[in-house]
Amino acid sequence: MKTARFSAAERGQSTLVHDPATGLTHLSEESIPAGRVVLDPRLVSSLPVVVPRDHHGDFPLSVCWSPIIRCNLHCPHCLDDKTVPEAGPSERARIAEVIGAAGVLGVDISGGEPLLLGDLADLSRLLSRRGSVVSVTTNGWHLRRRAAALAEHIDAVRVSLDGPAALVHDVWRGEGSFSRAVEGIRAAVTAGMRVQIQTVLMGSTRRFAQEVVHLAAELGVNGVTFLQMLPIGEGTRLGPSEMLTDEAARELVRELAVPSPTTVRLRTRGDAGGFTVVRADGRIWRNGYPAEGISGLRPLRIADDLALTGPDGSA
Ligand code: SF4
């Protein structure tokens, strides 16, 4: 049986299990020891999912932390606010300690491009020693170079692909970015990492979704997450022409043929509502309901600053 690392926590009569590859938190009626645990991914993926709007705990189930704004690519659909100042190494380590102390089940280290960070493994260690599982979201350009060394520190890697071939992907990400990402995925799979392909659903690329699933199967990755585009950051300008409704996205994903054991999930804008992000300057950012704007912003000084407060979960 193939196993993988997850994070579990008791909540009332149930146990929550977080999957670092998909970013999903599942509800288990079976008791599972709290903390970082090794489980069968097929078992976890069969459990019901808890999205932020259905979670009534004091702290987020998981967070996305973007400790870096810098990126080697310049995508027109980027969600990042490039004007945010980046905290230095000592402040990054402090933020990792504080996020870990909040008891979140999963932390996705995003960017900018996190593989540009020399202290990425150290940050992951600080987060995981408190029981979180840690994933990294990357454009894959530097993944081939870093996969082997990071495999023992990172629980899963999520690689952004906008299409199944350079002809589609490079239009958005720049020349050479598709082949670098695929080389990186192969290196990560070889290094034993769990790899998830992440594809932003857009009007102009939706017709390639099935081929992305076939590519995932061919590469032997865990699965594909289709992300509904959020009208945030530089993506705001593209929003009206490229955004699909959540219903159209559900229908598209429902019709995909998914070869076993590949898995496919869709993150709608509704599902992304209430999700918590810690930005590169150490400020907390929380999606509105649905995720079409920002509902709060405050500095992360102590773990309690991450608490879900207010009836709408605003920061
Ligand atoms: S979308 Fe990702 S790869 Fe593209 S510029 Fe933004 S952070 Fe970099």
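**View 1. His77, a buried histidine in a loop.** His77 counts as buried because its relative accessibility is 7% (buried means under 20% relative accessible area, exposed over 50%, partly exposed in between, with a 1.4 Å probe and protein chains only). You'll find His77 in the loop between β6 (62-65) and α2 (89-101); helices (H or I, at least four residues) and strands (E, at least two) are DSSP runs, numbered from the N terminus. The His77 side chain makes a polar contact of 2.8 Å with the side chain of Asp162, and another polar contact, of 3.5 Å, joins it to the side chain of Arg173. A polar contact is a pair of N or O atoms within 3.5 Å; within protein, one must be able to donate a hydrogen and the other to accept it, and residues adjacent in sequence count only if both atoms are side-chain atoms.

Some notes for every view: this is a predicted model, where local features need pLDDT of at least 70 and side-chain atom pairs count only at pLDDT 80 or more, while totals for chains, interfaces and linings use all residues. Residues are numbered from 1 along each chain as its sequence is written, and side-chain values use heavy atoms, with hydrogens and water left out.

**View 2. Around the ligand.** Here you can pick out Cys71, Leu73, Cys75, Cys78, Asp80, Gly112, Asn139 and Arg173, each with a heavy atom within 4 Å of the ligand.

**View 3. Helix α3, largely enclosed.** Seven of the nine residues of α3 (residues 120-128) are buried, so the rest of the structure largely encloses this helix. The buried ones are Leu120, Ala121, Leu123, Ser124, Leu126, Leu127 and Ser128. They pack against β4 (35-39), β6, α2, β7 (106-109), β8 (133-138) and α4 (143-150).

View 4. Look for Pro164 in the loop between β9 (156-160) and α5 (166-173). Pro164 counts as buried because its relative accessibility is 13%. Leaving aside neighbours within four places in sequence, Pro164 is in contact (heavy atoms within 4.5 Å) with Phe178, Phe208, Glu211, Val212 and Leu215. Val182 is 18 residues away from Pro164 along the chain, and their C-alpha atoms are separated by 9.8 Å.

**View 5. Inside the largest nonpolar core.** Of its 57 residues, Trp65, Ile99, Ile197 and Phe226 touch the most other members. A nonpolar core is a set of buried Ala, Val, Leu, Ile, Met, Phe, Trp, Tyr and Cys residues joined through side-chain atoms within 4.5 Å. Apart from this core lies another one, of eight residues, among them Ala4, Phe6, Val17 and Val44.
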